[in-house]
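Biologist: I have a structure open here and would enjoy a close look at one part of it with you. Could you walk me through the spot I have in mind?

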Amino acid sequence: MLDKQMNERLNAQIQAELYSAYLYLAMAAWCDEESWTGSAHWFRKQAQEEVNHAMKFYHYIVEKGGRAIMEAIDKPPSEWKNLLSVFEAAYEHETKVTKRIHDLLAFAREIKDYATEQMLQWFVAEQVEEEAQTLEIVQKLKKVGESNSGMLYLDGKLGKRE
Ligand code: FEO
């Protein structure tokens, strides 16, 4: 059985993961419009990953005999100043997601829900990766600065994400 409050918090996390997917899709659309096609590909892949994260929570709730409820998803922003600001916003978003996961884990410990705690450990590790990969792109974009050839090269590399 899943604790009622934990069930509600996990439902909120499904919503948060799907918001992440929606946000990254909005970023992909902005990149496509600005002809950053490699970055657009990278964000579409990231959006898919976020749907996978949401599904992990969904399946866990169902497996534990809980009830997965789909809450409304907010409208994400659609305008950014430049490519760097898009990736900075993505990085900042990931740090917020990390905090959410840590708060969930702290709550699982508080109520001695060891099964949920173990499930969340996967997300703790995943967030280290998610933050690192986004921050690396931010740092590289800062290095290339206003150089068009540098930005195009980096965009091409991002387009190779599998
Ligand atoms: Fe589902 Fe990017 O964290």
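Is Asp32 buried, partly exposed or exposed, and what is its relative accessible area? Please take in its surroundings too.

Modeller: Happy to, keeping in mind that this is a predicted model. Asp32 has a relative accessible area of 37%, so it falls between the 20% limit for buried and the 50% limit for exposed and counts as partly exposed. Its partner is Arg44: the two form a salt bridge, with the closest N and O atoms 2.8 Å apart. Asp32 belongs to helix H1 and Arg44 to helix H2, so the pair links parts of the chain that are 12 residues apart. Arg44 is partly exposed as well, because its relative accessibility is 35%.

H1 runs over residues 4–33, and its 30 residues should span 44 Å at 1.5 Å a residue; the end C-alpha atoms are 44 Å apart, so the two values agree. At the start of H1, a side-chain oxygen of Asp3 comes to within 3.0 Å of the backbone nitrogen of Gln5. Just after H1, Ser35 has a positive phi of about 65°.

The largest nonpolar core holds 23 residues, and Met27, Phe43, Leu83 and Phe87 have the most contacts inside it. H1, H2, H3 (83–110), H4 (114–144) and H5 (148–158) each give two or more residues to this core. The largest share, seven residues, comes from H1. In soluble globular proteins, nonpolar side chains tend to be buried together.

On the surface, though, there is a nonpolar patch formed by Val51, Met55, Tyr58, Val62 and Met70, with about 410 Å² of accessible area together. Val62 sits in H2, which covers residues 37–63, and is partly exposed at 45% relative accessibility.

Back to charge pairs: the structure has eight salt bridges, and the one between Asp32 and Arg44 is among them. Another joins Glu88 and Lys142, whose closest N and O atoms are 3.8 Å apart. Glu88 lies in H3 and Lys142 in H4, so this pair ties together parts 54 residues apart in sequence. Glu88 is partly exposed at 30% relative accessibility, whereas Lys142 is exposed at 51%. Glu117 and Arg109 also meet in a salt bridge, at 2.9 Å from N to O. There, Glu117 is buried with a relative accessible area of 13%, while Arg109 is partly exposed at 48%.

Definitions and conventions:
Residues numbered from 1 in each chain as written. Predicted model: local features only at pLDDT ≥ 70, side-chain atom pairs only at ≥ 80, totals over all residues. Heavy atoms only, no water. Patch = residues over 30% accessible without salt bridge, like charges linked within 9 Å, V, L, I, M, F, W, Y side chains within 5 Å. Areas by Shrake-Rupley, 256 points an atom, 1.4 Å probe, with all protein chains shown as cover. Salt bridge = Lys/Arg side-chain N within 4 Å of Asp/Glu carboxyl O. Helix = DSSP H or I, 4+ residues; strand = E, 2+ residues; numbered from the N terminus. Buried < 20%, exposed > 50% of the residue type's maximum accessible area, 1.4 Å probe, protein only. Expected span 1.5 Å × (residues − 1). Polar contact = N/O pair within 3.5 Å; in protein donor to acceptor, adjacent residues only side chain to side chain. Core = buried A, V, L, I, M, F, W, Y, C linked by side-chain atoms within 4.5 Å.
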